[in-house]
Amino acid sequence: SGDGRKEEADEDGAESLPLSAVFPRDTELFSDTFPELKRFRFCGRVLRIAQHHGPRLGMAAAVWDGEQRMDFSGRTVIELGAGTGIVGILAAMLGGDVTLTDLPLALEQLRTNTELNAAAVAASRGRVRVQALPWGRALGSIPHSYDVVLGADVVYDPRCFPALLDTLLQLCGPRSVAFLSCGMRPQLGTAGFFWELLPVHFCVRLLRHHKDSDVGLYRVTRRRDSNGCSPIEQHGEQET
């Protein structure tokens, strides 16, 4: 690709990869649930990730496209639809106080991966906790107004768009920043979520677009008033 990243293993066996799908996404290919342990290197950190395949976990079973490299030190972070937890665990390795969330059936996988990376997270003075969070419901014990909200390829089902929007409204305070990345699926109206639904309540900016995989990375913040930001800005770093 144009950014020079290669899918290769380094000397300690950790693959240096973008956050792209490394296994087939069709869960019907797997009749039974089984774990597959992989190692990845991002931002100089090595992550150990157990990925459980099978229809029981559905969309949560894949490591999806999208990445954002930044310093999370001293920041409260929540990841929505965390799946394997690879994005949120990396944020914890970069110093974040991270809450990984998903549907109840995905929590076992998240806890496994949290334990696999506990030493590295502790060495970075980060923190990880795991909690169920179905979208569109009251947050319960989950705090409001995180510093950073992460979502890697969570915009995949139009039936979930209203619930996802409601959850973002609950989690994002005036100073919160959300980073959402996903493949742009015209047949599912993905662009409409970013162009039409989000801008009613949020300022939305396209930070980066991977042309080869048609993956967009968006920065999302709460609107302060009706004139608080421009419509979605269609620019950003292009990657091939």
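1. A residue is called buried when its relative accessible area is under 20%, exposed when that area is over 50%, and partly exposed in between (1.4 Å probe, protein chains only). By that rule Phe161 is buried, with a relative accessible area of 6%.

2. Some ground rules for reading this note. The model is predicted, so local features need pLDDT of at least 70 and side-chain atom pairs count only at pLDDT 80 or more, while totals for chains, interfaces and linings use all residues. Residues are numbered from 1 along each chain as its sequence is written, and side-chain values use heavy atoms, with hydrogens and water left out.

3. Aromatic pairs. Rings of Phe, Tyr and Trp (its six-membered ring) pair if their centres lie within 6.5 Å; planes under 30 degrees apart count as stacked, over 60 as edge-to-face and the rest as tilted. The count is 3 aromatic pairs. One of them joins Phe161 and Phe193, a tilted pair with 5.2 Å centre to centre and 55° between the planes. Phe161 belongs to helix α4 (residues 161-171) and Phe193 to helix α5 (residues 190-197), so the contact ties together parts that are 32 residues apart in sequence. Helices here are DSSP runs of H or I with at least four residues, strands are runs of E with at least two, and both are numbered from the N terminus.

4. What is the relative accessible area of Phe193? The value is 0%, and Phe193 is therefore buried. Phe193 also pairs with Phe194, this time edge-to-face, at 5.5 Å centre to centre and 90° between the planes. Phe194 is buried as well as Phe193. Phe161, Phe193, Phe194 and Tyr218 form one aromatic cluster.

5. Salt bridges. The term means a side-chain nitrogen of Lys or Arg within 4 Å of a carboxyl oxygen of Asp or Glu. A search of the whole structure gives 2 salt bridges. One of them links the side chains of Asp97 and Arg129, at 3.0 Å from N to O. Asp97 is in strand β6 (residues 97-102) and Arg129 in strand β7 (residues 127-132), so this bridge ties together parts that are 32 residues apart in sequence. Asp97 is partly exposed at 25% relative accessible area, and Arg129 is partly exposed at 25% too.

6. A salt bridge is also found between Arg159 and Asp157, at 2.8 Å from N to O. Which of these two residues is buried and which is exposed? Arg159 is exposed, with 73% relative accessibility, whereas Asp157 is buried, with 14%.

7. Helix α1 (residues 86-93) is mostly covered, with 8 of its 8 residues buried. Among them are Ile86, Val87, Leu90 and Met93. After α1 comes Gly95, whose phi is positive, near 100°.

8. Arg125 lies in the loop between α3 (118-123) and β7. Arg125 is exposed, with a relative accessible area of 76%. Although Arg125 and Ala92 are 33 residues apart in sequence, they are 8.0 Å apart in space, C-alpha to C-alpha.

9. A charge sits over a ring if NZ of Lys or CZ of Arg is within 6 Å of the ring centre and within 35 degrees of the ring normal. The charged end of Arg222 meets this rule over the ring of Phe202, 5.6 Å from the ring centre.

10. How many disulfides are there, taking a disulfide as a pair of cysteine sulfur atoms within 2.5 Å? The count is 0. As for cysteines, Cys160 is partly exposed at 27% relative accessibility, and Cys172 is buried at 4%.

Methods: A disulfide is a pair of cysteine sulfur atoms within 2.5 Å.
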